[in-house]
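Please examine the sequence and the structure before reading on.

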Amino acid sequence: MKNILLQFSLLVSLLLIIGCQDGFDDPIDSKREIAVPLFYATTNLTDLLDGINDETSITMGSDGIVTLNYRGNVTKRTGNELFGFIPPLPVPLTDSITILPFDLPGTLDITLTKIKGGTFNIFFNNPFEEKVDVTLRVPELTKNGVVFEEHRLLDSVGTTGEQWLFFVPLKDYVLTTNNDEITIIYEAYRESDGERIIFPNDHGIGILDLEFSYAEGYWGQELLDLERDTIEIEFFENWVQGDVYFEDPIIQITVENGFGFPVQSVVNTLEILTVDGSNITLESSYIQDGIDFAYPALDEVGEIKTTIFDFDKTNSNVVDVLSSGPVSVDYDVDAISNPDVTQVIGFMTDSSYFQVQVAVDLPFRGHVNNFKGRDTFNVNFDQYDQVEYVEFKMVAENEIPLGIDVQVYFLGNDEMGNEIRLDSLYATDENILTPAPVDANGIATGEIAKKETFSTINATQFENIRKAKKMVIDGTFFTTDINNSPPPIVNLTTDQNVNIRMGMKVGTK
């Protein structure tokens with residue numbers, strides 16, 4: 001709306017400033033009347049709305065209907081972020097067989113992970129006065145089908161070979177933990193007689209800097225916590241009064257999911273802030289019951305599944321909330337895995353991600369009643385003092401089922417410095433654009449609505465206006481037959497044009 005008001009505001013200031021300059025560049029010795037053709041222009045709704053602000057984009061549907069589009073930020077969680085569920089594993093070996101519980105947080109039950117980084121650190125210290133043959137195995141850890149196993153003959157105590165400290169890169173190993181356990185087995189035999197021994201102390205393993213490329217199992221009911229965001233709807237930023245009814249608005253949730261397990265929405269917040277400061281909550285059974293998002297199957301690793309869900313007039317109160325003068329949509333949408341608590345074996349990779357974007361689409365199909373916008377601009381007319389009158393004439397030919405009444409106010413300051421209204425361009429709001437007629441389906445008939453508008457500023461008015469420091473533009477918008485009951489639903493499309501011709505007469509003293 002701001003762009004439409006801006007164009008009319010600039011038009012008025014152009015007429016007042018450039019028009020006067022055209023009449024007074026040269027010394028004036030006698031009364032003169034100057035006729036100035038100001039412009040001829042053709043525009044349409046797309047041109048008027050294009051560049052309305054940085055937050056708005058314009059699209060056209062297959063039916064030509066113009067839609068205002070607002071997009072929130074993309075909120076995202078990645079597999080790398082979520083791989084933190086694997087606990088660090090410093091393990092003292094108190095016996096030759098150590099069973100390490102593979103405890104995961106919450107209800108996670110991961111049975112297979114592929115490792116892309118990290119090291120397996122092993123430390124043994126021989127306390128005996130003879131050599132000891134040591135073998136260490138981890139049955140759950142394999143590479144190319146071969147179980148992890150390391151062997152070393154330790155020298156006797158007091159020699160340089162009595163300690164065994166080494167680091168095994170774990171890249172490309174696979175960890176399989178069907179029983180939620182990791183088994184660490186070492187076998188130590190004295191070289192002299194082959195007797196199996198247990199080291200008394202000072203030995204163990206550690207697993208450091210683990211990085212995973214893939215994990216498989218049951219993911220339980222875990223929350224994917226996403227960031228809260230706000231969508232600014234600046235179409236209504238200059239709203240003063242009136243109503244706009246959108247027949248088919250939507251609030252759309254688009255989800256891209258690379259996690260291979262069932263996921264459902266958790267809507268914590270979805271509220272609309274209106275121009276009068278009210279908060280209206282979007283209501284829908286899908287908010288309470290959740291939206292099921294598509295996900296890749298086990299044989300679709302690496303694929304991204306997209307779900308697009310619309311809150312529309314059939315499943316929510318979106319028409320009410322988006323016809324209430326919305327200025328922003330506040331939302332916080334998370335997701336939960338396995339909402340039905342079904343034991344689905346799923347997966348996650350380091351490149352998997354889950355992201356959500358919320359959008360608001362406002363197609364220009366509906367009706368507008370007494371929708372007033374307002375904008376204010378600084379002006380300065382001090383240098384113009386030779387005007388007897390200025391008369392404007394505008395001829396508008398309109399194919400759009402949208403009309404506009406305009407009023408222009410000039411503001412100055414009294415002796416105390418208080419801002420006051422000095423004058424107005426029209427005695428009452430002036431209709432400068434008559435809406436085009438529509439058929440029973442709200443489609444413009446092609447008949448052109450014509451309107452001629454005259455306005456005159458006399459010398460007394462202009463002398464008063466010369467003191468103005470600000471100019472306020474009120475534009476009141478309405479659609480065809482808005483006073484009918486019910487008013488017709490109209491379509492505003494890209495092929496509807498407005499032709500405007502404007503001229504001016506300037507009388508000088």
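A residue counts as buried when its relative accessible area is under 20%, and as exposed when that area is over 50%. The model is predicted.

**Exercise 1.** Determine whether F124 is buried or exposed, and then classify its ring pair with F199.

Solution. The relative accessibility of F124 is 0%, so this residue counts as buried. F199, at 2%, therefore also counts as buried. Among the 15 aromatic pairs in the count, the one formed by F124 and F199 has a centre-to-centre distance of 5.5 Å and an angle of 50 degrees between the planes, which makes the pair tilted. As for position, F124 belongs to strand 7 (residues 109–125), whereas F199 lies in the loop between strand 13 (196–197) and strand 14 (204–218), so that the pair links distant parts of the chain, 75 residues apart. Finally, both residues belong to a cluster that ring pairs build from F124, F128, W164, F166, Y186 and F199.

**Exercise 2.** Classify the pair of Y214 and F347, and state which lysine lies over the face of Y214.

Solution. Planes under 30 degrees apart count as stacked; the planes of Y214 and F347 stand at 10 degrees, with ring centres 6.1 Å apart, and the pair is therefore stacked. Y214 is in strand 14 and F347 in strand 24 (residues 345–349), which places the partners 133 residues apart in the chain. Both Y214 and F347 are buried. Over the face of Y214 lies K114, at 4.9 Å from the ring centre.

**Exercise 3.** Which lysine lies over the face of Y353?

Solution. The residue is K76, found at 4.4 Å from the ring centre of Y353.

Note on methods:
Residues numbered from 1 in each chain as written. Predicted model: local features only at pLDDT ≥ 70, side-chain atom pairs only at ≥ 80, totals over all residues. Heavy atoms only, no water. Phe/Tyr/Trp six-rings, centres within 6.5 Å; stacked < 30°, edge-to-face > 60°. Helix = DSSP H or I, 4+ residues; strand = E, 2+ residues; numbered from the N terminus. Buried < 20%, exposed > 50% of the residue type's maximum accessible area, 1.4 Å probe, protein only. Lys NZ or Arg CZ within 6 Å of the ring centre and 35° of its normal.
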